[in-house]
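Thanks for making time this morning. I would like to walk you through one model, beginning with a pair of neighbouring elements and ending with the whole chain.

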Amino acid sequence: PYPFGLEKNSSSFKPILGLPAHSCLPETLVHDHLSFTVHERLKEMKSDEKSEKAQIDAMKYLYALVEDDACNCVTIAHAGGIPQIVEAMKNHKKSQNVQECACKLLFYLAFNSIDNRMRFPMQGSYL
């Protein structure tokens with residue numbers, strides 16, 4: 001559920017967060033960092049919306065966060081991820097790679113969180 005196949009309390013994950021490997025890693029810090037990371041990725045998608053590569057890279061990163069982790073699904077939805085992903089699909093209608101990444105990510109966002117299933121119609125997406 002964490003990027004690069006790392007566990008949140010592993011010594012390998014801490015340097016990614018900019019923390020010393022020997023430090024404690026409270027759950028709130030992990031959540032705050034992931035929330036910040038999600039917002040940054042969504043900003044990248046919005047600012048570089050015409051770049052197919054930027055959209056795919058951001059969605060792959062977000063997918064790594066949501067895979068089997070309902071908490072991260074809700075974090076992405078609360079950050080405005082659903083409409084941003086749909087916008088990427090609209091902007092890259094002819095890109096099979098963008099469409100596949102977006103569908104895969106939207107699937108996990110919807111089906112790993114009951115809260116998100118209810119959020120989809122409100123944010124312009126229908127299941």
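Before the first element, a word on terms: buried means under 20% relative accessible area, exposed means over 50%, and partly exposed is in between, with a 1.4 Å probe and protein chains only. Helices are DSSP runs of H or I with at least four residues, strands are runs of E with at least two, and both are numbered from the N terminus. Please keep in mind that this is a predicted model, in which local features need pLDDT of at least 70 and side-chain atom pairs count only at pLDDT 80 or more, whereas totals for chains, interfaces and linings use all residues. Residues are numbered from 1 along each chain as its sequence is written, and side-chain values use heavy atoms, with hydrogens and water left out.

Let me start with helix H3, residues 52-66, whose 15 residues reach 21 Å from the first C-alpha to the last, close to the 21 Å expected at 1.5 Å a residue, the expected span being 1.5 Å times one less than the number of residues. Its buried residues include Ala54, Ile56, Met59, Tyr61 and Leu65.

How do H3 and H4 cross? The axes of H3 and helix H4, residues 70-78, come within 7 Å and cross at roughly 140°; here axes are lines fitted to C-alpha atoms, for helices over the stretch in contact, and angles run from 0 to 180 degrees between N-to-C directions. H3 and H4 are therefore oblique to each other, since angles under 35 degrees count as roughly parallel, over 145 as roughly antiparallel, 65 to 115 as roughly perpendicular, and the rest as oblique.

In that pairing, Leu62, Leu65 and Val66 of H3 meet Asn72, Cys73 and Ile76 of H4, where contact means heavy atoms within 4.5 Å. Within H4, Asn72, Cys73 and Ile76 are among the buried residues, as are Thr75 and Ala77.

At 24% relative accessibility, Gly80 counts as partly exposed. The C-alpha atoms of Gly80 and His39 are separated by 8.5 Å, although these residues are 41 apart along the chain.

Finally, the whole protein: its secondary structure comes to seven helices and zero strands, and 42% of its 127 residues count as buried. Of the contacts with a separation of 6 or more, 60% come from residues 24 or more positions apart.
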